[in-house]
Amino acid sequence: MSVDWARLRAEAAEMTRRSYAPYSGVLVGACGLADDGRLVRGCNVENASYGVTLCAECGLVSDLVATGGGRLVAVAVVAGDGAPLAPCGRCRQLLYEHGGEGLAVDAGPGSAPTPLGDLLPGAFGPDDVSARAGR
């Protein structure tokens, strides 16, 4: 499947305008491509109790599930200035669940996308749960 990275970045940048970031002031948007060609999106939503802040990738995965599920093929995450951001560790795990190690993560214009498996080596996934249940 062909990925239009410029469009994913533009859609992610648009999502930064919907961010709720009164504490850090850091606006983050995300846009992903699902395996059926659908675009899914998310923005960060901060909270006074910082630990319950929702990253843009959380919203993106919620959008994926709410609009029919499937697998993520590619994802772009950007700050309010449009510059790419790498997903945090928690979000790498969340993306792994819905895209796997081959999920292409935008590294910015002129750079090859990074496979999620390179950003999260030795990831723990759904297969690990079933293989280790009761052991």
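Trainee: Which residues does Asp-106 touch, not counting residues up to four places away in sequence?

Mentor: This is a predicted model, and in it Asp-106 touches Trp-5, Arg-9, Val-75, Ala-76 and Pro-84, once residues up to four places away in sequence are set aside. Asp-106 itself has its place in the loop between β4 and β5.

Trainee: Why is Asp-106 called buried?

Mentor: The term buried requires a relative accessible area under 20%, and Asp-106 has a relative accessibility of 8%, so it counts as buried.

Trainee: What makes the pairing of the side chains of Asp-106 and Arg-9 a polar contact?

Mentor: The cut-off for such a pair of N or O atoms is 3.5 Å, and the contact between the side chains of Asp-106 and Arg-9 is listed at 2.8 Å. A polar atom of the Asp-106 side chain also lies 3.0 Å from the backbone nitrogen of Gly-108.

Trainee: Why is Arg-38 called buried?

Mentor: Its relative accessible area is 18%, and because the limit is under 20%, Arg-38 is assigned to the buried class. Arg-38 is found in the loop between β1 and β2, and a polar atom of its side chain lies 2.3 Å from the backbone oxygen of Gly-69. Leaving out residues up to four places away in sequence, the residues that Arg-38 touches include Gly-32, Leu-33, Asp-63 and Leu-64.

Trainee: How do you know that β1 and β2 pair, and in which sense do they do so?

Mentor: Pairing calls for at least two bridges between the strands, and β1 (residues 28-34) is joined to β2 over five bridges, in the antiparallel sense. Within this pairing Ala-30 stands opposite Gly-42, and Gly-32 stands opposite Val-40. The two strands form a hairpin with four residues between them, and Gly-37 in the turn has a positive phi of about 95°.

Trainee: What makes β2 and β5 the edges of the sheet?

Mentor: The open sheet has five strands in the order β2-β1-β3-β4-β5, with mixed pairing. β2 (39-43) and β5 (114-115) each have a single partner strand, so one side of each is left without a neighbour in the sheet. Being at an edge of the sheet does not leave β2 uncovered, for four of its five residues are buried.

Trainee: Which helices lie across β2, and at what angles do they run?

Mentor: Helix α1 (residues 5-16) lies across β1, β2, β3 (72-79) and β4 (104-105), and runs at about 140° to β1. Helix α2 (residues 56-66) lies across β1, β2 and β3, running at about 145° to β2. In total the protein has five helices and five strands, which follow the pattern α-β-β-α-β-α-β-β-α-α along the sequence.

Trainee: How do you know that the radius of gyration agrees with that of a compact globule?

Mentor: For 135 residues a compact globule would have a radius of gyration near 14 Å, and the protein has 15 Å, which agrees. Buried residues make up 42% of the 135 residues. Among contacts between residues at least 6 apart in sequence, 60% join residues at least 24 apart. The protein exposes about 7000 Å², of which carbon and sulfur atoms supply 54%.

How values were computed. Residues numbered from 1 in each chain as written. Predicted model: local features only at pLDDT ≥ 70, side-chain atom pairs only at ≥ 80, totals over all residues. Heavy atoms only, no water. Contact = heavy atoms within 4.5 Å. Axes fitted to C-alpha atoms, helices over the stretch in contact; angles between N-to-C directions. Rg over C-alpha atoms; globule rule 2.2 N^0.38 Å. Buried < 20%, exposed > 50% of the residue type's maximum accessible area, 1.4 Å probe, protein only. Areas by Shrake-Rupley, 256 points an atom, 1.4 Å probe, with all protein chains shown as cover. Polar contact = N/O pair within 3.5 Å; in protein donor to acceptor, adjacent residues only side chain to side chain.
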